[in-house]
Amino acid sequence: MTALLLATTNLHKVKDIHAILGNQFECLTLKDFPQAPAVIEDANTFAGNAAKKSVELARWLLRSSVRLPGFVLADDSGLEVDALNGAPGVHSARFAALERGQIGNSSSAENNAKLLRLLENVPVAKRKARFRCVLALTPIPRLQTELFDDVCEGRIGIELRGHGGFGYDPLFIPEGYELTFGELGEEVKNRLSHRAKALQKLKERLALIGP
Ligand code: IMP
């Protein structure tokens, strides 16, 4: 069975990826490698950050681990809101902290509150947004990273709704629906989401290259 190390400390992403990939792959996490270094996400694109996380971790594994998975898989993702010229974008995880000049991520509640505040006077028709996900897959020991990306189009609601998912899910209404990802639940989200669509491309590629 192909073993993938998921290069993320975000347990919600791990859960999503696991649910979408199914039992076809052995998914290891950073909990299995407690000595792994933290990677600083300072690139200004999702692709740059995803590749950085994946490659740095793969290099570290080659230097220091006896247990080598077949691949390192990193996910960099976020929300792009048209009325905010694409913000929060790569800063999605630290959107609220940014304006306070804080280092580190902000809570989802703070990020969502900031988003609602910035869109306060924006009418429904102009609240178009999308989630974007870029996956970086680095094979070990070859280190030739491949990227897979996709988006999920939708709009930002006017209030928080639903308790499912994480991050901006209670504000994001996918195209063709009237409910937020927070209300639609895991099963629907994992069919429609940016992450689900990018993972589908990755699965097709893995089926070609094999373990
Ligand atoms: P990253 O760990 O730097 O990729 O941060 C991703 C951030 O984007 C998360 O902390 C969330 O705020 C947001 N995000 C990414 N994917 C999702 C999703 O599926 N639902 C809700 N928010 C998401």
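User: Let's start with D149. Which strand holds D149?
Analyst: Keep in mind that this is a predicted model. In it, D149 makes contacts beyond its sequence neighbours with C133, V134, A198 and K201. As for its own place, D149 sits in strand 5.

User: Is D149 buried or exposed, or partly exposed?
Analyst: The cut-offs settle this one: buried is under 20% relative accessible area and exposed is over 50%. D149 comes out at 37%, so the label is partly exposed.

User: What separates the C-alpha atoms of D149 and Q200?
Analyst: Along the chain, D149 and Q200 are 51 residues apart. Between the C-alpha atoms of D149 and Q200, the separation is 9.8 Å.

User: In which sense do strand 1 and strand 3 pair?
Analyst: Three bridges join strand 1 (residues 2-6) to strand 3 (residues 71-81). One partner pair is L6 with L73 in strand 3. The sense of the pairing is parallel.

User: How many bridges join strand 3 and strand 4?
Analyst: These two run antiparallel. G78 has R132 in strand 4 as its bridge partner.

User: How many residues of strand 4 are buried?
Analyst: Strand 4 is mostly covered, and of its twelve residues the buried ones number ten.

User: Which residue in the turn between strand 4 and strand 5 has a positive phi?
Analyst: Strand 4 and strand 5 form a hairpin with six residues between them. The loop also holds P141, whose peptide bond from I140 is cis with omega near 10°. The positive phi, about 60°, turns up at a residue that is not a glycine: L143.

User: What's the phi of N85?
Analyst: N85 is in the loop between strand 3 and helix 3, and at 76% relative accessibility it counts as exposed. P88 is in that loop too, joined to A87 by a cis peptide bond. N85 isn't a glycine, yet its phi is positive, about 55°.

User: How far is R127 from the nearest side chain of opposite charge?
Analyst: R127 lies in the loop between helix 4 (108-118) and strand 4 (128-139), and it is buried. Its side chain does have a polar atom 2.9 Å from the backbone oxygen of V122. A salt bridge needs the nitrogen within 4 Å of a carboxyl oxygen, and R127 has none: the nearest opposite charge, E120, is away by 9.1 Å.

User: Which residue forms a salt bridge with K189?
Analyst: K189 is in helix 6 (residues 186-192) and its partner is in helix 1, 173 residues apart. K189 is buried, at 4% relative accessible area. The closest N and O atoms are 3.3 Å apart, and the partner is D16.

User: Why does the salt bridge of D82 with R130 tie together parts that are apart in sequence?
Analyst: D82 and R130 have their closest N and O atoms 3.1 Å apart. D82 lies in the loop between strand 3 and helix 3 and R130 in strand 4, so the parts tied together are separated in sequence by 48 residues.

User: Which residues do salt bridges that share partners join into one network?
Analyst: One of the pairs involved is E153 with K128, at 3.3 Å from N to O. E153 lies in strand 5 and K128 in strand 4, so this pair ties together parts 25 residues apart. The network as a whole takes in E80, D82, K128, R130, R132, E153 and E175.

Methods
Residues numbered from 1 in each chain as written. Predicted model: local features only at pLDDT ≥ 70, side-chain atom pairs only at ≥ 80, totals over all residues. Heavy atoms only, no water. Helix = DSSP H or I, 4+ residues; strand = E, 2+ residues; numbered from the N terminus. Buried < 20%, exposed > 50% of the residue type's maximum accessible area, 1.4 Å probe, protein only. Lys, Arg positive; Asp, Glu negative; His and termini not counted. Polar contact = N/O pair within 3.5 Å; in protein donor to acceptor, adjacent residues only side chain to side chain. Pairing = 2+ DSSP bridges. Contact = heavy atoms within 4.5 Å. Lists of a residue's contacts leave out its neighbours within four places in sequence.
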